[in-house]
Amino acid sequence: MKKLVLRLRDLPPSAWIFFAWLVTLSVLPFLIILAMSFAVRSESGLISWTFTLANYERAFHLVYLKVLAKTIFLSLGATITCLLVGFPVAYYLARATPEKRQMGLMLLFIPFWTNFILRIYGIVSIFGNHGLLNQTIMRLGLTDSPIEILYTRFGIYLGLVYNYLPFLVVPIFSALEKFDLSLREAAMDLGANRWQTFTRVLLPNVREGIAIGSLFVFIPMMGEYVIPDILGGAKEVFLGRVMVEQFFTMQDWPFGSALASVLSMGLMIAVWVRMRFEQRKAGPTSHGLR
Amino acid sequence: MGDQRILKVLLNGMLAIILIGGAGFWFARKSNDSAQPVLRICAWSNYLPQNVLTQFQKQTGIRVELSFVSSNEELFAKLKAGATGFDLIQPSDYMSRQMIRLGMLRELDHGQLKNLGNLMEDVRSPAWDPGLKYTVPFSWGTTGLVINTAKVPLSPGEIPGWGMLFESPDPKRTSLLDDMREVFSAMLIWKGSTPNERNHQKLEETLAGLRNIRENILMFTSEPRQYLARSELNISHAYSMDALQAAEMKPEFKYFIPREGAVRWADNFAIPTSAKHVAEAYRFLDFILDAKVASELALKGHFSTQNQPAWDLLPEAEKNNPVLYPDQATKARLYYLEDLGDLLVLMNRMWAELKI
């Protein structure tokens, strides 16, 4: 304890602000949620502070495990798609001239000056059954009935990828920017083909950026509920939606809290394991050739 | 050490900002309060048009500040989280019961409501508030079907049933409400049961039925109006108020109470115990109980009034609208949703399972 106090004192003021921010807006709310997850929903829709594990028992019911599995499946798929689309973009930006780079980054982020909900409805007006795309191809006589893109699983994918792509491009971009291109030339000179250069030289050096970027998009995707609602027609269950429903329509805060705690703790454990794994691997070879 | 000085300056600065801001806010509120009597109402959207509020202000000098909620549960959560700014709230049937049970509503002094006698006989003692000790019934409506009759032709005089949703003639243009109780109720009524079915076996069958049709419908949505307007939907499960407002824009949209029966809902006004402007709240309650005002509100809001002289003032077309003022036989097939208690845990799980 004494040690902790001393260490806090050593922190610069800027860190203090961050620390206060973290405690009041992250740690404290999480602890409240955690406490509520062990409470009982009283008949009247309030919380009664009696200790119970029943909420967790419910949360681990097969149905909710399936919900979790489906959410992971969809989010993981969208994250991988983001990677496949985002990596070349990041690569191009990292190699481009400063002017082009600035232009590219700006183009990537301009849509984010618009409100999130508006952007989602923008997608509806383009890809909807009466949207721009379907009207165009129907006018051209390519098809009689509109192609169903929205209100399907694909609609959710599209929305997730569109909305989260920039958050994945930026960390990869900054990793690629630091990458020394002469290493690539050296590998080629030493007889590696393009594929080998890519997998053995380039990828290991930007692994950290890829990992951080993937987490940046995967974690919020798991809690997403607006995109599945509007673009998926609310036909596919998402864990985020189930949680929100517990709070705002079912009046079951303790159960909602239990679901939220399971998700947060699961993600924390996953991140922690990864960090341990990275630490063990980190060594003198981490920045060289493998 | 330099860091510490910066920190001190920063903290003092922040403290000063908070103090000045707080003082400013306090003065602003105070001057606001003393200048003019206010009434803070938390209501559903589309219920209280601005001209009626202006009329109230002209009559009484009381300025109304209106805010909205989108669900009963949201209203409940706001009050429970300590929102004390509301003087008048608008809970529905089941939420009125819950709030009364929890002592969240102020007992009404009927002596201050001289227009209370305007209420129809059959709403003087609703199940959720016998004797109207806490609530003033305001409106009621149903949850049924809205159909674009230009795209889905019906034979003249035909009253469609819930099969319109579950065996839809236009499946990819059909939507269900994104509401657990309403969706289960629709299927239960279609299968010949009632919305308050408690039999597990029956509920399992209902879930199976819903799972079968999930892929046939286009979407679950509680806001079907925008999709109807663009013809993305031609058949929707909808609340009567929303549906009739859509029908007002386009006459080919028709709202029906399905022939098998439907869910009935009612919205009431009540004064929360935390209200600060109680006298003003009474004046407003009495104002909307006035025959002329109640009649205008019902006509504009497309709901069924509970006010006898207000009904008398309505145009004949409105009085004879069978979806607003159904005959006794239809009324007998309308059900209020009851609190299902522990069964909600099961239903909640089924709702998730439906969409897996």
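A polar contact here is a pair of N or O atoms within 3.5 Å; within protein, one must be able to donate a hydrogen and the other to accept it, and residues adjacent in sequence count only if both atoms are side-chain atoms. Under that rule, 13 residue pairs, both at pLDDT 80 or more, are in polar contact across the interface of chain B and chain A. The model is predicted: local features need pLDDT of at least 70, side-chain atom pairs count only at pLDDT 80 or more, and totals for chains, interfaces and linings use all residues. Residues are numbered from 1 along each chain as its sequence is written, chains are lettered from A in the order in which they are written, and side-chain values use heavy atoms, with hydrogens and water left out.

**The interface**

Helices (H or I, at least four residues) and strands (E, at least two) are DSSP runs, numbered from the N terminus. Helix 1 (2–35), helix 3, helix 4, strand 6 (219–220), helix 8 (225–229) and helix 15 (343–354) of chain B each supply at least two residues of the side that touches chain A. Helix 15 of chain B gives the largest share, seven residues. By type, that side of chain B divides as follows.

With contact meaning heavy atoms within 4.5 Å, 37 residues of chain B are in contact with 38 residues of chain A. The rule for a salt bridge (a side-chain nitrogen of Lys or Arg within 4 Å of a carboxyl oxygen of Asp or Glu) finds one across this interface. The side chains of Arg241(A) and Asp178(B) meet in a salt bridge at 2.8 Å, N to O.

**Helix 3 of chain B**

Buried means under 20% relative accessible area (1.4 Å probe, protein chains only). In helix 3 (residues 72–80) of chain B, the buried residues are Asn72(B), Glu73(B), Leu75(B), Phe76(B), Ala77(B) and Leu79(B). Their cover includes helix 12 (239–248) and helix 13 (253–281) of chain A, together with strand 1 (38–43), strand 3 (88–89) and helix 4 (93–101) of chain B. Just after helix 3, Gly82(B) takes a positive phi of about 100°.

**Asn196(B)**

Asn196(B) sits in the loop between helix 6 (180–190) and helix 7 (200–214) of chain B. Asn196(B) is buried, at 11% relative accessible area. Its side chain reaches the backbone nitrogen of Glu338(B) at 2.7 Å.

Technical notes
Buried means under 20% relative accessible area, exposed over 50%, partly exposed in between (1.4 Å probe, protein chains only). Ala, Val, Leu, Ile, Met, Phe, Trp, Tyr, Cys and Pro count as nonpolar, Asp, Glu, Lys and Arg as charged, and the others, Gly among them, as polar.
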